[in-house]
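Reader: Can you walk me through this one? Keep it brisk.

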Amino acid sequence: IHDGSEEPATHNALAKIYIDANNNPERFLKDNPFYDSKVVGKYCEKRDPHLACVAYERGQCDLELINVCNENSLFKSLARYLVKRRSPELWASVLEVTNKYRRQLIDQVVQTALSETQDPDDVSVTVKAFMTADLPNELIELLEKIVLENSVFSDHRNLQNLLILTAIKADRTRVMEYITRLDNYDAPDIASIAIGSELFEEAFAIFKKFDVNTSAIQVLIENIKNLDRAYEFAERCNDQQVWSLLAKAQLDQGMVKEAIDSYIKADDPSSYMEVVET
């Protein structure tokens with residue numbers, strides 16, 4: 001176009017020439033700012049659906065792009081577009097239960113699109129979309145991919161918290177693995193929620209992992225109700241406060257001799273009168 005024309009019809013015609021001649025049309029469609037994305041995208045649909053995606057993406061023709069991707073199983077392209085587009089409304093529409101292509105799309109979001117991005121906003125909007133759509137199991141898949149597999153977001157505290165909390169809600173069998181493998185979550189808060197969900201072993205494992213020994217033995221005493229394990233734990237960490245808590249629990253159970261031994265190890269004379277009265 002030598003006269004500097006910015007007329008869309010002229011550039012639409014030029015785009016069609018590039019497409020039909022297969023003269024590096026993708027570059028033209030990405031670089032030329034003047035053609036009409038809907039017109040050229042429609043022209044490409046039957047000739048080359050991938051080029052239709054390029055044209056529609058350039059013009060943010062959301063619905064047209066979704067349709068051409070669905071009809072041609074271009075779910076990887078659609079997943080990449082949605083992640084970069086960051087539109088909660090668009091995410092809501094494709095994650096509707098009525099979308100028969102939802103599973104194929106989610107697979108590509110998890111396997112490809114979100115793994116490729118290094119932009120925290122891409123991740124944030126995508127994660128929120130899955131939460132809003134109430135897809136906890138799919139959210140777990142998504143978070144596992146970006147948190148458990150080495151990515152720039154592996155150590156992200158909020159994502160680690162969210163993965164564990166979603167598992168507590170939706171798939172309790174995974175919780176122990178997560179709290180064992182991950183290191184950068186809010187341990188006291190997560191442990192408290194685990195106790196509230198009656199995941200006592202998981203709560204104990206969290207406290208033990210982060211050396212919150214007094215809380216760990218309290219879980220063994222009050223929730224798991226196993227004084228033998230509590231004694232083994234006290235021996236292993238040999239902490240005076242832990243021995244003191246164990247002694248009190250033993251005394252409450254009428255285990256006077258054991259309680260005295262524990263109080264001695266705790267070097268805790270505060271309950272001397274209680275032992276004497278017993």
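Author: One definition to start: buried means under 20% relative accessible area, exposed over 50%, and partly exposed in between, with a 1.4 Å probe and protein chains only. This is a predicted model, where local features need pLDDT of at least 70, side-chain atom pairs count only at pLDDT 80 or more, and totals for chains, interfaces and linings use all residues. Residues are numbered from 1 along each chain as its sequence is written, and side-chain values use heavy atoms, with hydrogens and water left out.

Reader: Good. Is Asn99 buried or exposed?

Author: Asn99 counts as buried, at 16% relative accessibility.

Reader: Where is Asn99?

Author: In the loop between α7 and α8. Helices here are DSSP runs (H or I, at least four residues; strands are E, at least two), numbered from the N terminus.

Reader: And what is Asn99 in contact with?

Author: Asn70 and Val94, leaving aside neighbours within four places in sequence. Contact means heavy atoms within 4.5 Å. The C-alpha atoms of Asn99 and Asn70 are separated by 9.9 Å, and the two residues are 29 apart along the chain.

Reader: What does Tyr101 touch?

Author: Asn70 and Phe75, not counting residues up to four places away in sequence. Tyr101 is in the loop between α7 (88-94) and α8. Its relative accessible area is 23%, so Tyr101 is partly exposed. Val212 is another matter: 47 Å from Tyr101, C-alpha to C-alpha, and 111 residues away in sequence.

Reader: Switching to electrostatics. How many salt bridges are in the whole structure?

Author: The search finds 23. A salt bridge is a side-chain nitrogen of Lys or Arg within 4 Å of a carboxyl oxygen of Asp or Glu.

Reader: Which residue forms a salt bridge with Asp107?

Author: Arg103, with the closest N and O atoms 2.7 Å apart. Both residues sit in helix α8 (residues 102-116), four residues apart, so about one helical turn separates them. Asp107 is partly exposed at 31% relative accessibility. Arg103 is partly exposed too, at 35%.

Reader: What about Arg103 and Glu138? How far apart are the closest N and O atoms there?

Author: 3.9 Å, and that pair also forms a salt bridge. It links distant parts of the chain, with Arg103 in helix α8 and Glu138 in helix α10 (residues 136-148), 35 residues apart. Glu138 is buried, with a relative accessible area of 16%.

Reader: Which side chain meets Asp134 in a salt bridge?

Author: Lys169, at 3.8 Å, N to O. Asp134 lies in the loop between α9 (120-132) and α10, and Lys169 in helix α11 (residues 157-170), so the pair ties together parts that are 35 residues apart in sequence. Both residues are exposed.

Reader: Which residues do shared partners join into one network?

Author: Arg86, Asp119, Asp121 and Asp122, through salt bridges that share partners.

Reader: Now helix packing. At what angle do α11 and α13 pack?

Author: About 5°, with the axes 11 Å apart; α13 covers residues 187-196. That makes α11 roughly parallel to α13. The cut-offs: under 35 degrees counts as roughly parallel, over 145 as roughly antiparallel, 65 to 115 as roughly perpendicular, and the rest as oblique. Axes are lines fitted to C-alpha atoms, for helices over the stretch in contact, and angles run from 0 to 180 degrees between N-to-C directions.

Reader: Which residues meet there?

Author: From α11, Asn161, Ile164, Leu165 and Ile168. From α13, Ile190, Ile193 and Ala194.

Reader: Backbone next. What is phi of Gln60?

Author: Near 50°, a positive value in a residue other than glycine. Gln60 is in the loop between α4 (49-58) and α5 (62-71). With a relative accessible area of 46%, Gln60 is partly exposed.

Reader: And phi of Asp211?

Author: Positive as well, at about 60°, and Asp211 is not a glycine. Asp211 is found in the loop between α14 (200-209) and α15 (213-223). Asp211 is exposed, with a relative accessible area of 60%.

Reader: Last topic, domains. What does the assignment give?

Author: Domain 1 (1-72), domain 2 (154-210) and domain 3 (213-277). These bounds come from an automatic or database domain assignment. The centres of domain 1 and domain 3 are 75 Å apart, taken over C-alpha atoms.
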